[in-house]
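I opened the notebook on this protein and went from the whole chain down to single residues. The entries follow in the order of looking.

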Amino acid sequence: MGLIRDKVISWQFGAGGEADMYFAAFVVPDIINYLLAGGFMSITIIPLLSRRFQEDEADAWRFFSCVFCWTLTASLLLTGAGILAAGPLARLVAPGFSPEQWQRLAFFMRIILPAQIFFLCGACLTALLYLRRQFSVPALAPLIYNGCIIAGGLLLPLLGTGTQSGYGMTGYCVGVTIGAALGTFALPLRVAAGGGLHLRMVWRHRLMGRFLLTALPLMLGQTVIMLDEQFLRVFGSLAGDGAVSLLNYARRIAQVPVGLMGQAAAVASYPFLVSLLTQGDTERFDQTLRSALRAGLGLIIPCALWMMASAWPILGVIFQGGRFGATETLAAVPLTQIMLASAPLWIVYMVLVRAYYAHGDTLTPAVTGTIMTLACLPLYYYWAVPLGAWAIAALSGASVSLYVLWLVGIWVRRHGGGAFAGLCGLGLRALACSLPGAGAAWRLSRYCLEHLTLPPILAACVTLAVSGLTFALLFLPLVRWLAPSLLEPVLRRLRR
């Protein structure tokens, strides 16, 4: 749905101008979410809430109500402050924009900021559903959210008397807040209430101190992972018109396999990791962590290499059309390839960081990530911005990769290498099996797109089909010979 949303935006607005301001409008709302650890609510609350439900259910509901009340209060205060200070904040987050663009950006921010109230309060309810191992409802939330954004952007001009160009991206901004209210708050609230939600006004609980100590590093530690997308927007605004949009579109493509494989493995494994540690079963903890890492890496390496080889037709199919022409597609190709190169380490991070959190250690990822952020800031400004969008993308991938390798080193030193046993060999075998197919897919993609006399979208579809089939024909025999364990989980599912 995120791809469909960006496809609609790229078709109507292309890269630059209105699209740049829309993407930049998320910087401040996202930082508010980070400051209140909204994205990590399930990580911070699940271990404490799980134990309280086992010991005293009534007290567990009081603790949950206390967290919810303070989250609601803090989100209201920060959102209100952001709305009042939208003008100065627009200049801060997009220093490369013009005064007219700052005014438009502030307008977009004021519309989008209230969505954070629903995101943060909804995160509490989603954590409760994860604790009950109800994954389907949280999975629906982004579908509803993105659907509302698309609907808002397409329908608002039809409901008024203005033209699409007159409204610009205002409808998409309205859709953000409506989608957050319906998808990330109202839906989880309805399901949680149906399962016996007991929410009341509670402002004090003895576990709030432990909760804040766990959450504080996540609130204060602004890691390169958390700020990666914001850096692309802030420093992209200094790299010229269209850079913010092109970097966003490229990142969207690069994050698709990460979201499908890494996020799934990380979210699904976390409640089990917490449960195993609660039982004191460290051996099964290492096995679960190793299985999640192997499954994620085994899929992401061939997928990322094929996508790098086929970036041109992929971008042609997904984004090219309307105001996003062939020039923008070619400009986004190297950015997409650069960002895909770090995709395997994104997978490692998503799984490994939850192992840290399962141990109750939120400090190590936050401190190391903040140090990496501070080290990268001058590099972004003095090295990447003068060189352009490709350097911003390269520094993004390099900083994330170094940060993840640092976390791996700390984990091995503290807990041993059991969780990573055989992982390096598996990755090298997956790489060896994927390279021949990726090379052939790259050559065929370029040849087809340069010589096929078909409409652009049809030529890209044909090229993508040829590229994928070629990769599969070369990859599958090699992987059956050199790394059969990569295919075993898939084959086991098919046999069932």
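I began with contacts (heavy atoms within 4.5 Å). Of the contacts in the protein with a separation of 6 or more, 83% are between residues 24 or more positions apart.

I noted the ground rules next. The model is predicted, so I kept local features only at pLDDT of at least 70 and side-chain atom pairs only at pLDDT 80 or more, while totals for chains, interfaces and linings use all residues. Residues are numbered from 1 along each chain as its sequence is written, and side-chain values use heavy atoms, with hydrogens and water left out.

**Whole chain.** I looked up the secondary structure and found 23 helices and zero strands; these are DSSP runs numbered from the N terminus, helices being H or I of at least four residues and strands E of at least two. The radius of gyration is 23 Å, close to the 23 Å from the globule rule for 496 residues, so the protein is as compact as a globular protein of that length. That radius is taken over C-alpha atoms, and the rule is 2.2 Å times the number of residues to the power 0.38. Along the principal axes, the C-alpha atoms fill a box of roughly 70 × 65 × 45 Å.

**Burial and surface.** I use buried for under 20% relative accessible area, exposed for over 50% and partly exposed for in between (1.4 Å probe, protein chains only). By that count, 54% of the 496 residues are buried. The accessible surface, by the Shrake-Rupley method with a 1.4 Å probe, comes to about 20900 Å², and carbon and sulfur atoms hold 67% of it.

**Helix α6.** I went through residues 86-93 and found Ala86, Gly87, Ala90 and Val93 buried. They span an arc of only 135 degrees around the axis, which puts them on the same side of α6; the arc is that of the directions from the helix axis to the C-beta atoms. The face turned away from this buried side carries the exposed Pro88 and Leu92. I listed the packing partners of the buried residues as α2 (18-24), α3 (27-35), α5, α7 (99-112) and α13 (224-236).

**Thr79.** I found this residue in α5 (residues 57-84). Thr79 is buried, at 2% relative accessible area. Leaving out residues up to four places away in sequence, I have Thr79 touching Ile32, Leu113, Pro114, Gln116 and Ile117.

**Phe107.** I placed this one in α7. Phe107 is partly exposed, at 36% relative accessible area. I also checked Phe107 against Ala394, 287 residues apart along the chain, and their C-alpha atoms are separated by 32 Å.
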